[in-house]
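How does each label follow from its value in the structure shown here?

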Amino acid sequence: MVKFLKLLLAVFISMLVCSVLFFFILLGIVSMASSKSEVHLEDKSILVVDLTKPVKDFEQPSISLSLNTNKLTSSPPNLYEILSMIRYAGKDDHIKAIYIKGAYNVNGFAASQELRQAIQDFKKSGKKVIAYAPTMSQSAYYVASVADKVYVSPIGGLDWMGMVAQMVYFKGLLDKLDIHPEIFYAGKFKSATEPFRRDNMSDANRLQTNIWLGEIYGQVLDGVAQSRGLDTASLHALANQGAIQSARDALDHHMVDGLFYADQVEAALRKAVNINVDDQLHLISLDKYNKAANYKDYSGIDRIAVLYAQGDIVTGPDGEGIQGERYVSMIRDIRKDSSIKALVIRVNSPGGSALASDLIWREIQLTRKHKPVIVSMGNMAASGGYYISCGADYIFAEPTTLTGSIGVFSMLGNAETFFKNKLGITFDAVKTGEHADLGSIARPLTQVERNWMQASVDSIYHTFISRVAEGRNKSTAYIDTIGQGHVWTGIHAQKIGLVDSIGGLHDAIAYAAKEIHSTSYRVSTFPVKKSILSQLLSSDDNQEEDIDMQMNMKLTAGGISPELASLIGQVRELKTMMNQPQAKLPFELTIE
């Protein structure tokens, strides 16, 4: 009888779980159906481009088990979709203008350049573009300046003070804690380990940072000058002199077209779409336009795969970023799929594990034997990000893409004196070999072990430059001269042969179509976005990402500044860089 009751209880619980699961799946289906039916375009609509919302190359749909079904199916459009929408809006009779909301811009400069170019293409339709924010940041203004009219609040202003690249250094903290990292690197410009071995920039790092930061700043000046009918020398002087201190200053120097409040901007928008002062404005966000507009072409004959490689490169099949085993498997599947005629890889990565980078590189080489492989670089495709790019048939980059950084480093920790002197903890061990505990934080390395570590880093660096030399059809000696961990902008990388052309993701896809002689193609996205059901059944896949997001939210909610929360995140990230060779950009770099 007891066994029967246990069995009955187990069956009841299983039925209850299945019922709850089915309920949420049904909610998702209803939500998807209703979201399509509820979103419709009004005549004389205005497409809103909000720069305060991040535009990612790829993002899985988020899921929240709440009765708010909108959260169940929340999936913001990615960069490629947004660029396609903006260009499509130029010929959409329902859309009569674009409204850029530009208080600040959370996107990188390469993504911003692509957004800016898409809006310029939209303007060719003759439709108006208006930008407004009470106060506008410099990076937001870079995109907003392409508008026909730019407005800020009378008591607001415009940030125009030039650019700065800032790094955080931890050496002083480590010294105070009696923690002594063991650091090995190849490349005099490889600055990723500097925060742990110096308290300021090395001369080599300062030199390269001056170069690439100046080139990015030059792109900003050129873009604003062309859009506003000004010259770059005058814009540079305004920044150097700190001449833009108020909204009135921005107006007097012709950087904005008016000092408006929100109601006055609404009046300007009504005029732009030719509606009466009392008529309702039909503002449509990119999220809603993504559901309402028929901008995607599924009728093409040839399939072109677009694989998004976004984030740090890591070993293993799980975790955040570009998981080595998972991406090797995806590229292999794309290679074996005869319906896919070409592969475009969108790389947006500062690099990471040298091992995972090499495994991905190998799979790309195998794929090239069967179909063209084109790389499109995003905000950064550096170090390991360049490693996985260098073997492609053709490489596109934006002018402000950060790339190169061909170098390797490895770090181990020695916290013996920290544990002993600060915590009173000591270690002892029995070993079957003299070096069995190599890499332990409980002791320093011997000189022999240090020699081994440096030799390993040097060997990986030689492999790295050999891969680049093979892919770019250059000598290893030449690649070594432009390698050494040196960071380049996309525009400079093209001049020295690391990149083939300046262009964005749309250009890369068009080039792939040309390579396969296709006039009718459609894009298939990888990784494949998970369905609501698969997310419900495998909610642990994004557990690490959720933990990071929750921690940052808790820190900021608890009064910790975003800057300090980011610093704490950097310290947490340190664990991923220990005990394995890394091909990665500087630990953390803030560009403003």
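The questions and answers below take up the sheet, the helices, the aromatic rings and the backbone of a predicted model.

Q: What makes S7 and S8 the edge strands of the open sheet?
A: The sheet has 6 strands in the order S7-S4-S3-S2-S1-S8, paired in parallel. Strand S7 (258-259) and S8 each have a single partner strand, so one side of each lacks a neighbour in the sheet, and this is what places them at the edges.

Q: How do you know that S1 and S2 are paired, and how do they run?
A: Pairing requires at least two bridges between the strands, and S1 and S2, which run parallel, are joined by 6 bridges. One of the residues involved is Ile46, whose bridge partner in S2 is Ala97. S3 and S4 are likewise parallel and joined by 6 bridges, and in S4 the partner of Thr135 is Gly157.

Q: Why is S4 described as largely enclosed by the rest of the structure?
A: A residue is called buried when its relative accessible area is under 20%. In S4, 7 of the 10 residues are buried, and the strand is therefore largely enclosed.

Q: Which residues of helix H11 are buried, and what do they pack against?
A: In H11 (residues 262-272) the buried residues are Val265, Ala268, Leu269 and Arg270. They pack against strands S1 (45-50), S2 (95-101), S3 (128-136), S4 (149-158) and S8 (282-285). Asn274, with a positive phi near 60°, follows the helix.

Q: What describes the packing of H8 and H9, and which residues make the contact?
A: Two packed helices are described by the angle and the distance between their axes. For H8 (residues 203-228) and H9 (residues 232-241), the axes come within 9 Å and cross at roughly 115°, and the crossing is right-handed. Tyr217, Leu221, Asp222, Val224 and Ala225 contribute from H8, while Thr232, Leu235, His236 and Ala239 contribute from H9. By class, the residues of this contact are 6 nonpolar, 2 polar and 1 charged.

Q: Why is the pair of Phe58 and Tyr308 called stacked?
A: Rings pair if their centres lie within 6.5 Å, and planes under 30 degrees apart count as stacked. The rings of Phe58 and Tyr308 are 5.9 Å apart centre to centre, with 25° between the planes, and the pair is accordingly stacked. The structure holds 10 aromatic pairs, and ring pairs also link Tyr394, Phe396 and Tyr511 into a cluster.

Q: What does the pair of Phe58 and Tyr308 tie together, and are these residues buried or exposed?
A: Phe58 lies in the loop between S1 and helix H2 (69-72), whereas Tyr308 belongs to strand S9 (residues 302-310), so the pair ties together parts that are 250 residues apart in sequence. Both Phe58 and Tyr308 are buried.

Q: Why does Gln310 count as partly exposed, and which residues does Gln310 contact?
A: Partly exposed covers the range between the buried limit of 20% and the exposed limit of 50%, and Gln310 has 25% relative accessibility, so this residue of S9 falls in that class. Leaving aside neighbours within four places in sequence, Gln310 is in contact with Lys56, Asp57, Phe58, Gly321, Ile322, Tyr327 and Asn348. The C-alpha atoms of Gln310 and Lys56 are separated by 8.7 Å, although these residues are 254 residues apart along the chain.

Q: Where is Pro527 found, and what is the omega of the peptide bond from Phe526 to Pro527?
A: Pro527 is in the loop between strand S20 (521-526) and helix H21 (532-537). The peptide bond from Phe526 to Pro527 has an omega near -5° and is cis, whereas most peptide bonds are trans.

Methods:
Residues are numbered from 1 along each chain as its sequence is written. This is a predicted model: local features need pLDDT of at least 70, side-chain atom pairs count only at pLDDT 80 or more; totals for chains, interfaces and linings use all residues. Side-chain values use heavy atoms; hydrogens and water are left out. Axes are lines fitted to C-alpha atoms, for helices over the stretch in contact, and angles run from 0 to 180 degrees between N-to-C directions. Helices (H or I, at least four residues) and strands (E, at least two) are DSSP runs, numbered from the N terminus. A crossing is left-handed if the near helix is turned anticlockwise from the far one by less than a right angle, and right-handed if clockwise. Contact means heavy atoms within 4.5 Å. Ala, Val, Leu, Ile, Met, Phe, Trp, Tyr, Cys and Pro count as nonpolar, Asp, Glu, Lys and Arg as charged, and the others, Gly among them, as polar. Buried means under 20% relative accessible area, exposed over 50%, partly exposed in between (1.4 Å probe, protein chains only). Rings of Phe, Tyr and Trp (its six-membered ring) pair if their centres lie within 6.5 Å; planes under 30 degrees apart count as stacked, over 60 as edge-to-face and the rest as tilted.
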